[in-house]
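Here's a quick briefing to read with the model open beside you. Have a look at the fold before going through the points.

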Amino acid sequence: MKKENKMKKENKTMIKKTTAMVAASLMIMSLVLGGCGSTGAATSTEVPAVEAEANVQSDAEQTEAAQDETETGAEQAETETQTDASKDVAEAQNDAAQTDTADASSETAKIPSKEEIEITDTYENSTDEEHAITADGEEASYSNIAVVKTGEASGDEADFYGANSAVFATNGATLTLSEITVDTDGTHANGVFSYGEGTTVNISDSVIETSGNCSGGLMTTGGGTMNASNLLIHTTGNSSAAIRSDRGGGTVNVTGGSYTTEGTGSPVIYSTADITVSDAQMESTASQGVVVEGQNSVTLNNVTLTASNVKKNGDKSDWYQAVMIYQSMSGDADEGLASFAMNGGTLTNLNGDVFFVNNTTATVDLTGAAIVNEDEEGVFLRAAAAGWGSEGSNGGHVTMTASQQTIDGDMIVDEVSSLNLYLKESSSFSGAINSDGQAGDVYVEIEDGSTWTLTGDSYITSLTCSAGSINLNGHKLYVNGEEYTEGTASEGEAIEMETSSGSSHGDSGQGGSGHGDGNTPPEKPSGDGSGMGDGSTPPEKPSGDGSGHGDGSTPPERPSGDGSEPPAKPE
């Protein structure tokens, strides 16, 4: 700064010297120009020396002031440039940090592929009903391995107790798997199986592919636990859900990853357990997206689900759907309240209805989910009788609660079914209910701020709403047989739902849960039958050496049918 001040003083001295020299020059010029005979020139340049000197000094001072201002502006500009540069650096660092964080997050969430998993060892098994890896009452872990399983199995030993699965954990084992690949090619060759109370499988960043019928990706039964994160699962066989459970159920938690099924009767999720899936991509190309059987649940958090139910392998139902909630009466699932919840995310249905509830009582909770039905002929909800349960008492009984939710599509509730519909937290429903006339009991409750816009005449039995909640949109709404007047408030009562609906009425031998020929429930292991039949406790594993045969030497009796066709699943 001292050096800069010295330079400024020197500049000012030079300016003053220059001023005196300019003044003297102007005096000489005025004398010369005065003798040229050019009046105009003389008039414009003839200036007294004192005034000239003063003007020059004034000009010089202005120049000096301008220079000072320029220097000050330059200093300010330099300061601003430095400040802007600092800001740019800070922003660049922040952007870089955010990019690094995003890249790290992206890397963490990246769905694995076989090519990206480094394999250091391979476990293979081709013997019927055996496993490539078994964890029996122990803590074990595997990483960077390939598991290959072929071989055959049938019925209960595979579906209930894990026979023929590639990876099997039982008797309270804790099995941890990371960065592995699993390939199975055989009937009832599930990928990774957790069986029994206290058994836990933790699997992450892995790929599971199954190609045989009745071969799920993840399988949980008998009260086991399955924790999965960031998996790629692809199944191509019939009755081969990517995320699957069976008798005795358990707890399944899935986070991230991609889950795809291609076979008939192969939803992405088949639940006889409590299953929660978050931040995942799911797609079924031939079956339902999700099936919940009996007193069990599925919760989807920020999941992208695309369902294309286009194939049936039975005649129990006339409809296709994305989400099916039912009770098969096979004994594989407790009878009682089933539940499905979707929080955020998207559900795209390509064929048929979005929701179908049959032969059970269920809750459907929707919060801020984007639900699109691309089938113009399909409805949003169908609660109706089908081929499960006893005729006359096998309808669907559902309580649907929508919060911050848009519902677009009709609802059908047949004469043996019932519906409580709650629209809350600024939800909107655009559609008709039972447009063909009164059938089952329907209660609609519309909270202030939520709306129902009719797209057709509708028939319900009870209504609670404020004066401005319903837009008839040129249609008529009948409440318990009486026409509703738009702009009026209403006070009604909800329908009392019995959670054992349909469960006390036998199925006359109709199974359809994925065992045997789909027409009769699977034969139960010998014993007193405790824990079997009602599904209230996990099934006891038959005595033997654990190889998958009841007495250790004789294979279990095959359910009726020749076994050449995959078991029937819900339509």
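Predicted model: local features only at pLDDT ≥ 70, side-chain atom pairs only at ≥ 80, totals over all residues.

The protein chain has 571 residues, and its secondary structure comes to four helices and 39 strands.

**The chain overall**
- Buried residues account for 48% of the chain.
- If you take contacts with a separation of 6 or more, 67% of them link residues 24 or more positions apart.

**The eleven-strand sheet**
- Eleven strands form an open sheet with parallel pairing, and reading across gives β2-β5-β8-β11-β13-β15-β18-β21-β24-β27-β30.
- At the edges sit β2 (133-136) and β30 (411-413), each of which pairs on one side only.
- On average, neighbouring strands here are turned by 10 degrees against each other, ignoring direction.
- Zooming in on one pair, β13 (residues 243-245) and β15 (residues 269-271) run parallel and are joined by two bridges.
- I243 has I269 in β15 as its bridge partner.

**N434, a loop residue**
- You'll find N434 in the loop that connects β32 (428-430) with β33 (441-446).
- N434 counts as buried because its relative accessibility is 6%, and the cut-off for buried is under 20%.
- Leaving aside residues up to four places away in sequence, N434 touches M411, I412 and V413, along with A439, G440, V442, D457, S458 and Y459.
- The edge strand β30 covers 411-413, and M411, I412 and V413 are among the residues N434 touches.

Notes. Residues numbered from 1 in each chain as written. Heavy atoms only, no water. Pairing = 2+ DSSP bridges. Axes fitted to C-alpha atoms, helices over the stretch in contact; angles between N-to-C directions. Buried < 20%, exposed > 50% of the residue type's maximum accessible area, 1.4 Å probe, protein only. Contact = heavy atoms within 4.5 Å.
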